[in-house]
Each structure stands twice: as C-alpha cells, then as structure tokens.
Amino acid sequence: MFRLLCSILALVPIAVAAQDYSYTRYEGTVASKPVVLHLQRHNRPDYSEGQTISSTQYNGVYYYTQYDMPISIFGSVDEKGVLQLIEYTGGMQLKANGNGGLIGTWISNDGSKQFPVALNESYPTGSVAFDGSARYERKPLFAQRDNSPGMEVHLAWLEPDDKLPATTRTFIRENIHLEMVGKSVRCCPGVQKAFETMRDEQFRMYNDEFRETLKEDPEMPEHMMNFLDQQSVMVLYNSNYLLSLGFNHSFYSGGAHGNFATTTRSYNLKTLETVALNDVLKPGYEKALDAALDRSARNYMSVSPQEPI
C-alpha cells in the first residue's frame, strides 16, 4: 500500500490557474480632508471541495495627509457592483467615477457618521507606478481523486513601471525579488523562474513528508494533509521619493491554524538605499518606541490605558 502511495505522489500533475494582481495609487478626499490610498486588487483562485473558484479581493492602506498614519483596509465588490472596503472603525462604499477614479461614502460601524469620498488615480513626481503579476499552482496528493488534499503555492508581486530611470527600476525590482524569493533569485533570470524553483522545492518537500507520514499513520485525517504557502507584496507609502513595502507571508501545514508574518522595508529612491530605523530615529529610540506604539494602537482602537490589548 505504501509503495502505491509513493508512486501516486510521484506522478501527480501540477494544476495551474490564471490570476492577476494590480496596484493603484489614489489621491483625493474623505470628509473633504486630503487622503492617499494604496490599493491592491488580487483575482486569485481558491480551492474548496474539489473545485478551484476564482475570487477577487482588495487590500491596502490609506492615510490622511495631515497625519500620515496608515489605516488598513480590505474588501471585495458586492453583487451590486459596489466596492466594499472595511477598516477597524467603519468602511467605504465606492463605485467607479467614469474617469479611472472612485467615488462614494465612508460610513462608521454604527452608521451614525457618513462622509463623501472622492479619489483619483495619481502618480506625482517621486512616486512609483507598478505592474502586478501573480502565480498559483496546486499539487493534489492523490492523482485519481477529484477531491484530494494537496499543497497550494501562491506568489503575487509588483514590477516597477518601465518609465522609471533604469537604475531606479533595477533597484526596486531586485529588492522586491530578493524579499519574496530570497537567494533563489540569484540563480534565476526573473521572479517567475525563481518561483518555479521555489515551487519545485516546496512540492518535493511536501511529497517527501507524506511518504513518511502515511507510512507511519495511514489513517491520518485528510484535512491535515493540506498545505498552503502564500506570499504577496503591498504598498504602504509611495510619495516624495520614499517607497515603503509590506511583504506578507502565510503558511499552513496542518493543525488548528496557519502562521502569518509581515516584513516591512523602506527605500530612498533618490539615493537608492534601504532605509533603516537608525537612519530616521535618534539614538536611544528603542526605549521610547514601545510606548509610542502602545499609545498609537490604543488611540486607533479606542482602548483606554487601563484596558489590556
């Protein structure tokens, strides 16, 4: 039986699904106050009960230019064609304005506050336009079964626009690729080839693990045989020759829940250097940083100093 399982694992084909990833930078107003919105759109496949179904999701951040404090948002388009973006204290209901922008209303969670929203796509001098790309592949564990557990690998990344100076474009591109695919980028011409190298290694490890696991525990519950590795990059700040990116990574390998992490990087596009905390904060900032973050989080979530977070 174990030899049969091994042969099945070795001969399983890889399923590939089409998807797309895009980024748009908007400027405009919420409640007549200037804001900047960085929005990613991801049309990605979701595998469930033997079927791969495409779904479109949005995520990003916006901030009032008076404060420069990022507010996380996420959402999707509802059945009426309205883009519903949710944040901690409320959300936006938006539609296309016919000129490449968005228009709608910001509504508080309890519905007591409503403010007009008007946004237009904008890339002023010192900002970067991006093209998005994405790859998704799934390898089922058992070839003869339609509803087989398996491993999914997602990668969604951004490529700087061709209109940038070549040196700036190369700097951004290499740093994005390095954060997303690591050292494999050094051996491969471009992130797509590096993705294939990374994918092949992930699938090999997945097969090897279950060869041993199924030998020791042939009655293992199938829901514990599903693995997921998902990576994406999002824009956090993109103005005045300063670019900040968030690299998101989620991984599930059985058990009650997956693991999630976000790594942030900032880049000075004038000097083409990575910006570290030591470059912008005074010596000894470590002692004050925790307290400042605590105050900011409590203010954002309306939590008093006495309440636990």
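Where in the chain is the place of aspartate 68? Aspartate 68 sits in the loop between β4 and β5 (71-77). This is a predicted model, in which local features need pLDDT of at least 70, side-chain atom pairs count only at pLDDT 80 or more, and totals for chains, interfaces and linings use all residues. Residues are numbered from 1 along each chain as its sequence is written, and side-chain values use heavy atoms, with hydrogens and water left out.

**Overall make-up**

- The protein chain has five helices and 15 strands. Both are DSSP runs, numbered from the N terminus: helices are H or I with at least four residues, strands are E with at least two.
- Of its 309 residues, 40% count as buried. Buried means under 20% relative accessible area, exposed means over 50%, and partly exposed lies in between (1.4 Å probe, protein chains only).
- The accessible surface of the protein chain is about 17300 Å². Carbon and sulfur atoms hold 52% of that surface. Accessible areas come from the Shrake-Rupley method with a 1.4 Å probe; for residues, only the protein chains shown count as cover.
- Among contacts between residues at least 6 apart in sequence, 50% join residues at least 24 apart. A contact means heavy atoms within 4.5 Å.

**Pockets**

- Rolling a probe the size of a water molecule over the atoms shows where empty space is left.
- The largest pocket has a volume of about 1600 Å³. On a 1 Å grid over the protein atoms alone, a pocket is an open set of points where a 1.4 Å probe fits, with protein on both sides within 12 Å along at least five of seven lines. Grid points are joined across faces, edges and corners, and a volume is the space filled by probe spheres set on the points.
- The largest pocket is lined by 46 residues. Lining residues have an atom within 4 Å of a point. Val61, Pro70, Leu236, Thr262 and Thr264 lie nearest the centre of this pocket.
- The lining of the largest pocket splits into 25 nonpolar, 17 polar and four charged residues. Ala, Val, Leu, Ile, Met, Phe, Trp, Tyr, Cys and Pro count as nonpolar, Asp, Glu, Lys and Arg as charged, and the others, Gly among them, as polar.
- The second largest pocket has a volume of about 470 Å³. Of the 15 residues that line it, Tyr64, Ile71, Thr89, Asn299 and Tyr300 are the closest to its centre.
- Strand β4 (51-64) and helix α5 (285-301) are the elements that give two or more residues to the lining of the second largest pocket. By class, that lining has ten nonpolar, three polar and two charged residues.

- β2 (residues 20-30) pairs with β9 (residues 114-121) in the antiparallel sense, over five bridges. Two strands pair if DSSP finds at least two bridges between them.
- Valine 30 has valine 117 as its bridge partner in β9.
- β8 (residues 102-108) runs antiparallel to β9, joined by six bridges. Here isoleucine 103 stands opposite alanine 118.
- The hairpin of β8 and β9 has five residues between the strands, and glycine 111 takes a positive phi near 80°.

- Ten bridges pair β13 (residues 242-253) with β14 (residues 259-268), in the antiparallel sense. The bridge partner of leucine 242 in β14 is asparagine 268.
- Five residues lie between β13 and β14 in their hairpin, where glycine 254 in the turn has a positive phi of about 90°.
- β14 also runs antiparallel to β15 (residues 273-275), over three bridges. Serine 266 stands opposite valine 275 in β15.
- The hairpin of β14 and β15 has four residues between the strands, and leucine 272 in the turn has a positive phi of about 55°.

**Single residues**

- Aspartate 68 has a positive phi near 55°, in a residue other than glycine. At 43% relative accessibility, it counts as partly exposed.
- Alanine 31 lies in the loop between β2 and β3 (33-48). Its phi is positive, about 55°, although it is not a glycine. Alanine 31 is partly exposed because its relative accessibility is 23%.
- Leucine 277 lies in helix α4 (residues 277-280). It is partly exposed, at 45% relative accessibility.
- Leucine 277 touches Tyr285 and Leu289, not counting residues up to four places away in sequence.
- Leucine 277 and serine 266 are eleven residues apart in sequence and 9.6 Å apart in space, C-alpha to C-alpha.
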